[in-house]
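Dear colleague,

Please find below the structure that I am handing over to you.

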Amino acid sequence: MTKVLVSDPIDPIGIDILSQVAQVDIKIGLPLDELIKIIPEYNALMIRSGTYVTKEVITAGSQLKIIGRAGVGVDNIDIPSATRQGIVVVNSPEGNTIAAAEHTLAMMLSLSRHIPQANQSIKEHRWDRKSFIGAEVYKKTLGIIGLGKIGSHVANIAKSMGMKLLAYDPFISNERADQLGCVLVELELLFSESDYITLHIPKTPETAHIINKKALSKMKSTARIINCARGGIIDEDALAEAIINKKIAGAALDVFEKEPLSNSKLKNLDNVILTPHLGASTTEAQINVAVDVAEQIRDVLLGLSARTAVNIPGLVPDLVEKIRPYLELAETLGNLAGQLAGGRIEKLTVRLQGELAAMQSQPIVIASIKGLLSQALRERVNYVNAAIEAKERGIRIIETRDASICDYAASLHISVQGSLGEHSVTGTLLSDGEIRITNVDLFPINVPPSNHMLFTIHRDMPGIIGKIGSLLGSFNVNIASMQVGRKIVRGDAVMAVSLDDPLPDSLLLEIMKVTGIRDAYTIKL
Ligand SMILES: NC(=O)c1ccc[n+]([C@@H]2O[C@H](COP(=O)([O-])OP(=O)(O)OC[C@H]3O[C@@H](n4cnc5c(N)ncnc54)[C@H](O)[C@@H]3O)[C@@H](O)[C@H]2O)c1
Ligand SMILES: O=C(O)CC[C@@H](O)C(=O)O
């Protein structure tokens, strides 16, 4: 029975989707040791930001195929460990963009109009109007750090409120910033010019404590900071000191270095607004992320691919459908070439030919590696860990393209160099999506792959095909189809035989003894 563990609160619609294919256990707030104890039973884990999926959890999760993060940030998952173990990690990159952007704007306006403090005062039976004189955001400067999905949506709304926009994001072009009405500037200038500073970046070694004592010292004394991105990108102690010493005017924080926030000076400061990581907490966003991630978990458990896997390089959602048939072609050819080469594999060369040369190559290369390693590693190799497994085995991967090769509209050529020699195969897809092997060791053929195959390299001479046919018959191995390809008459040729039954090793030895046979290979695809 396939089992999914849901360890954070997820919208029920996600649970319904998972229940279509698995037994779903919902266990919220598990201590780490308890999670480690029960995770070996599960094939999938679905979380939000409350569960820390550490290396220990992943190592214990020997049956895990997929970890789904119902949200954007995957910093609570040890991705390298998951990748190493071949576990797909998926998220919902867009499901909560609007929610997080709107929370940011709510925080900015709450800061400028003291809404939480005024609300508190009236509930404490005071009618105090003079303590809560606010500031307009109109014509003020908003500095946006990180102009990705959430930063862009914040920019759009802030612009319509009449704010001037500065942005810092080293990975965004001037054109994109222009479109959003933002002026790209260096951090120093953003710090010194902004009335409000909002952060929309992931937490990485580069962004950790990007707002620190030095950065705070450059800001206006009227500046206010909003962080609805990730804890740890602000040095919380330095921020508290800056507010206490009136170096800046205030801050609104939704995320914290350590969550839940326990003892913190920030809790005692009037001009600090704190929310408990609520950026994504809208009904709409929770439905979006639950559906997004549950559907991907369901698909992966059914053996299909994930749309937004964060640890399968290059497999972006729009590409998956278009490229899927070629992934199967690449896997088949990688597997075939690997078996022909045998021995210790040293180098894999993948050449995208004809129209395929224009496609994104990375997933095709990974599929070829997966095929290549599948005989040795079986189900332990997948799209997630194939590249690492190849690297660890010292296999050199070379990728080339040649749009001018157009025997077929699009084809893939794979050659494998191993300790026993070099072999190459080419294949294409027919209009109905069927795979055809069109070339083996540069001999032209045209055969579909099948579970059991025999390939021979032999001298093109009368009688040889008959002898192989008789030998197969004498071992009761049934031939499904047979094709011979040659470059010159009576030179060398290749024979590809599809078989209904596995070919015993003893039969292969008999085939090798036939006069004119140079090499023979049994292949399982
Ligand atoms: N509070 C919440 O509940 C909540 C909800 C959703 C997302 N988030 C967080 O918000 C953040 C932004 O999410 P997003 O969906 O916009 O992500 P995104 O990937 O679309 O955008 C991130 C942007 O940060 C930029 N960036 C990366 N490193 C940078 C650096 N060193 N300096 C400046 N810019 C840098 C990238 O170029 C990118 O444009 C993430 O940390 C995400 O986890 C929080
Ligand atoms: O799970 C949540 O509510 C937070 C999600 C948010 O931090 C994210 O990165 O998507």
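This is a predicted model: local features need pLDDT of at least 70, side-chain atom pairs count only at pLDDT 80 or more; totals for chains, interfaces and linings use all residues.

Residues are numbered from 1 along each chain as its sequence is written, chains are lettered from A and ligands numbered from 1 in the order in which they are written, and side-chain values use heavy atoms, with hydrogens and water left out.

Domains

The chain is divided into domain 1 (3–94 + 285–301), domain 2 (97–274), domain 3 (315–441) and domain 4 (449–525); these bounds come from an automatic or database domain assignment. Taken over C-alpha atoms, the centres of domain 2 and domain 3 are 48 Å apart.

Ligand 1

Ligand 1 is surrounded by 25 residues, the closest being K149, I150, D169, I201 and D254; a residue counts here if one of its heavy atoms lies within 4 Å of the ligand. This shell comprises 13 nonpolar, 8 polar and 4 charged residues. In that division, Ala, Val, Leu, Ile, Met, Phe, Trp, Tyr, Cys and Pro count as nonpolar, Asp, Glu, Lys and Arg as charged, and the others, Gly among them, as polar.

One belongs to I150 and lies 2.8 Å from an oxygen atom of the ligand. Another, from C228, is 3.0 Å from a nitrogen atom of ligand 1, and one from A280 is 3.2 Å from an oxygen atom of ligand 1. On its own, ligand 1 has 860 Å² of accessible area, of which the protein covers 87%; such areas come from the Shrake-Rupley method with a 1.4 Å probe.

Ligand 2

The residues around ligand 2 are R48, S49, R69, G71, V72, G73, N96, R230, H277 and A280. By class, they are 2 nonpolar, 5 polar and 3 charged. Side chains supply the contacts described here: an N or O atom of H277 lies 2.6 Å from an oxygen atom of ligand 2, one of N96 lies 2.8 Å from an oxygen atom of the ligand, and a polar side-chain atom of R69 is 3.3 Å from an oxygen atom of ligand 2. The protein covers 92% of the 300 Å² of accessible area that ligand 2 has on its own.

The second largest pocket

A pocket is an open set of points, on a 1 Å grid over the protein atoms alone, where a 1.4 Å probe fits, with protein on both sides within 12 Å along at least five of seven lines; lining residues have an atom within 4 Å of a point. The second largest pocket has 34 lining residues, with K370, E379, V381, N382 and Y383 nearest its centre. Its lining divides into 12 nonpolar, 12 polar and 10 charged residues. At least three lining residues come from each of domain 1 and domain 3. The helix α13 (317–341) contributes the most to this lining, with 4 residues; helices are DSSP runs (H or I) of at least four residues and strands (E) of at least two, numbered from the N terminus.

Backbone features

The peptide bond from E259 to P260 is cis, with omega near -5°, and P260 sits in the loop between β11 (250–253) and β12 (272–274). H209, a residue other than glycine, has a positive phi near 55° and lies in the loop between β9 (196–199) and α10 (213–217).

With kind regards

Notes
A polar contact is a pair of N or O atoms within 3.5 Å; within protein, one must be able to donate a hydrogen and the other to accept it, and residues adjacent in sequence count only if both atoms are side-chain atoms.
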